[in-house]
Each structure stands twice: as C-alpha cells, then as structure tokens.
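Reader: Could you walk me through this model? I'd like to go from the overall fold down to single residues.

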Amino acid sequence: MNSKLSDACSGLRLRTEGSTLESSRTKLKLKCKIDNQIWANILSLFLWGIIGITTTVGLAPTALALEYNKEILVEADFSGRDLTDSSFTKANLRQSNFSHADLHGVSFFAANLESANLEGADLRNSTLDSARLVRANLTNALLEGAFAANARFDGAIIDGADFTDTLLRSDEQKKLCKLAKGTNPITGRDTRDTLFCP
C-alpha cells in the first residue's frame, strides 16, 4: 500500500513538476515575445525617425555652395535654382539661363555672361567685378549691394532692375542711365533712381 501511495505521490509530483515546467516555459515564451515586440517597436521608431529626418532634409530648400570656376557652361539652365554663395569665377556662361535664380552672394568674377538671362534673379551682394554682361537680360533683377566694378553692361536690358548700393564705374553708370527705365516689382524702386541718373 505504501508503494502504491508512493507511486501516486511520485506521479503527482511529476505532474506538478511537469505543469510547473510547462508554466515556466509558457512564461518564458511570453517574456521573449514581449521583449521581441519591445525591440521591434524601438527599431521601428528609430527607422521612422531616420526616414523622417531624411525626408525633411531632402525636401528642404537648402543650398550648398557650388564651384563652377573656369567651367564652360554655355547655354546652361540654372533657372529658379538656389545657388547662394556659389562661385562662377572666370566661367563661360554665355547664353545661360539664370532667370528667377537665387544668386545671393555668388561670385561671377571675370565671368562671361554675354546674352545670359538673369531676369528676376536675386544678385544681392554678388561679385560681378570684371564680368561681361553684354546683351544680358537683367529685367527686374535685384543687384542691391553688388560689386560690379569693371563689369561691362553694353546692350544689357535693365528694365526694372534695382542697382541700389551697387558699385559701378562712372562710365558704365552713364551707359546704364541711357537704358534705365521701369520699377522693380519686389523693392518698388525705380531703376533710374537706384542708378542716381540725372
């Protein structure tokens, strides 16, 4: 009888140990599943953060200053681009299109801009020293604070251009006064007034 009771107790103990073992396995599986979900969520948030940052930076209208020094860019199209602080020193830009481009602080030192389209371009604080702007279209362009000593504007179209505080040679200023007319749509200044025409 003792042996039967002992066997029954052993069986009960095994079942209890088995159910305890099974319960421990279930708890362990559940814990692993929860840990995996937590790590998956952390990783997902991290990846969404990277995607968000990449998208924001990728869509931002930031400009990188580019160097096109001494490049031959005849008839190149830069219209509407943000080229802030870029450099086109001694570049050949004949008949290139810079219409409505942001050229704030750009260096066109000794560049050939013959017959270039600079209509509505923002050339504030740009360097146009020794640039060749012969027959260039500067309609409604902003040249406020530009350094244009020794620049040549023969035959340029300057209707509505704003030359406020632009450094020009006196002979070029006189030539430009013969062509000057119109009012800049952004600043509201008359072209003749910005050139101090008599």
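Predicted model: local features only at pLDDT ≥ 70, side-chain atom pairs only at ≥ 80, totals over all residues.

Reader: What percentage of the residues of the chain count as buried?

Author: The chain holds 198 residues, and its accessible surface is about 12100 Å², with 58% of that belonging to carbon and sulfur atoms. A residue counts as buried when its relative accessible area is under 20%. By that cut-off, the buried share is 33%.

Reader: Is Ile38 buried, partly exposed or exposed?

Author: Ile38 is found in helix 1, which spans residues 2-59. Together with Ile34, Trp39 and Ile42, Ile38 makes a nonpolar surface patch of about 430 Å². Its relative accessible area is 43%, and values between 20% and 50% fall in the middle class. So Ile38 is partly exposed.

Reader: Which residues is Arg81 in contact with, leaving aside its neighbours within four places in sequence?

Author: Arg81 lies in the loop between helix 1 and helix 2 (170-179). This residue is partly exposed, with a relative accessible area of 35%. Contact here takes heavy atoms within 4.5 Å, and the partners are Leu66, Tyr68, Ala101 and Asp102.

Reader: How far apart in space are Arg81 and Asp102, C-alpha to C-alpha?

Author: Asp102 is one of the contacts of Arg81. In sequence, Arg81 and Asp102 are 21 residues apart. In space, their C-alpha to C-alpha distance is 6.2 Å.

Technical notes. Residues numbered from 1 in each chain as written. Heavy atoms only, no water. Patch = residues over 30% accessible without salt bridge, like charges linked within 9 Å, V, L, I, M, F, W, Y side chains within 5 Å. Areas by Shrake-Rupley, 256 points an atom, 1.4 Å probe, with all protein chains shown as cover. Salt bridge = Lys/Arg side-chain N within 4 Å of Asp/Glu carboxyl O. Helix = DSSP H or I, 4+ residues; strand = E, 2+ residues; numbered from the N terminus. Buried < 20%, exposed > 50% of the residue type's maximum accessible area, 1.4 Å probe, protein only.
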